[in-house]
Amino acid sequence: MTAINVQSELGMLTMEMLKPDDGSVSDLRPCIIFYFGGGFVKRNLKHFKRQAEYFRNLGVICILADYHLANEGDGLAVCFADAQAVLNEVAEKAEQLGIDRHKIVVCGGSAGGTLACWCSLNSSIPCAQVLFNPVLFFGEQNIKKISPKEIMVQINEEAAGLNKVETYMQAWGEEFKLYPQHFSAYHKLDNAVIPPTLILQGSNDPIAYSGVILFHQKALESGNDCHLVLYQGEEHGFFNYDKNDNKFCYEDTLKQMEAFLRERNLI
């Protein structure tokens with residue numbers, strides 16, 4: 001295990017980097033940066049440790065990114081700024097770290113997926129992104145004009161689901177309360193080009209489902225390469241190793257991610 005340090009506005013971030021055991025030290029490898037989930041208010045640097053170990057064994061350098069939480073700074077802005085700072089630092093020091101600068105993938109789950117997508121929308125660094133039930137829509141502006149009837153049913157259910165994380169949202173800051181669209185990947189997607197994207201999403205997710213459907217639809221309409229794999233009946237966090245006993249979703253999402261990356265010569 002190797003540690004990597006990134007300086008952010010609120011202080012130093014120290015995170016784990018997993019490097020393959022095989023190969024020459026001079027080899028430049030693909031890299032996946034994993035952003036943990038937790039509603040922007042909970043830290044779990046081990047969230048994607050199993051996935052990172054899996055891809056490390058396939059020859060990929062994996063970084064378990066850290067970022068300051070919304071309740072450690074002035075709301076969501078600090079999370080988004082730190083996520084970008086980690087990406088910038090990895091790209092800047094890519095050769096020194098043994099990373100192929102042109103093969104940096106961003107990945108995250110839930111809030112971490114939101115951050116990964118934000119980085120892809122604001123930077124040309126990522127060559128691909130993999131998003132596990134990411135929250136991609138904040139706000140309700142014009143939603144009835146662009147979403148089919150069946151999606152509106154899910155959106156109403158989502159409003160009920162979000163009540164469960166109301167305490168999280170209280171820490172997201174005044175800017176989010178006044179201008180939620182500022183943090184919305186769906187709104188940011190206007191006239192934007194994103195790298196090849198894989199979204200893995202449960203159909204019974206009251207927090208992320210409707211936003212993912214809207215984002216995917218808009219991405220395709222704007223000519224982006226965006227693939228959505230739906231897991232019928234699965235809830236938020238379905239991909240986590242400890243979510244259920246049969247491990248099917250954990251294992252299948254790994255296979256989907258591996259196939260997606262192999263198709264693009266990133267493994």
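**Group meeting: sheet, cores and cysteines**

By the rule that a disulfide is a pair of cysteine sulfur atoms within 2.5 Å, the count here comes to 0 disulfides. Take Cys 62, which is in no disulfide: the nearest cysteine sulfur belongs to Cys 31 and is 7.1 Å away. Cys 62 is also buried, at a relative accessible area of 0%. Buried means under 20% relative accessible area, exposed means over 50%, and partly exposed is in between, with a 1.4 Å probe and protein chains only. Cys 79 counts as buried too, at 0% relative accessibility.

Some housekeeping. This is a predicted model, in which local features need pLDDT of at least 70 and side-chain atom pairs count only at pLDDT 80 or more, while totals for chains, interfaces and linings use all residues. Residues are numbered from 1 along each chain as its sequence is written, and side-chain values use heavy atoms, leaving out hydrogens and water.

Now the sheet. In what order do the strands of the open sheet run? The order is S1-S2-S4-S3-S5-S6-S7-S8, which makes 8 strands with mixed pairing. Strands (E, at least two residues) and helices (H or I, at least four) are DSSP runs, numbered from the N terminus. Two strands pair if DSSP finds at least two bridges between them. At the edges are S1 (2-8) and S8 (226-231), each of which pairs on one side only. On average, neighbouring strands are turned by 20° against each other, direction ignored. The axes are lines fitted to C-alpha atoms, for helices over the stretch in contact, and angles run from 0 to 180 degrees between N-to-C directions.

Strand S3 (residues 29-35) pairs with strand S4 (residues 61-65) in the parallel sense over 5 bridges. Cys 31 has Ile 61 as its bridge partner in S4. Helix H2 packs on the sheet, where it touches S1, S2 (11-18), S3, S4 and S5, and its direction makes about 165° with that of S3. Contact here means heavy atoms within 4.5 Å.

Next, strand S6 (residues 128-132). Is S6 mostly covered or mostly uncovered? Mostly covered: 5 of its 5 residues are buried. Ala 128, Val 130 and Phe 132 lie on one side, Gln 129 and Leu 131 on the other, and both faces are covered. S6 pairs in the parallel sense with S5 (residues 99-109) over 5 bridges, and with S7 (residues 197-202) over 4 bridges, again parallel. Gln 129 stands opposite Val 106, and also opposite Thr 197 in S7.

On to the cores. A nonpolar core is a set of buried Ala, Val, Leu, Ile, Met, Phe, Trp, Tyr and Cys residues joined through side-chain atoms within 4.5 Å. The largest has 56 residues, and Ile 33, Tyr 35 and Phe 40 are among those with the most contacts inside it. Helix H2 (residues 76-92) gives the most to this core, with 9 residues. Apart from it lies another core of 27 residues, including Ile 32, Val 105, Val 130 and Val 229.

Last, Leu 261, in helix H11 (residues 248-263). Leu 261 is buried, with a relative accessible area of 1%. Not counting residues up to four places away in sequence, Leu 261 touches Ile 32, Phe 55, Val 105, Leu 266 and Ile 267. Leu 261 and Pro 196 are 65 residues apart in sequence, and their C-alpha atoms are 9.6 Å apart in space.
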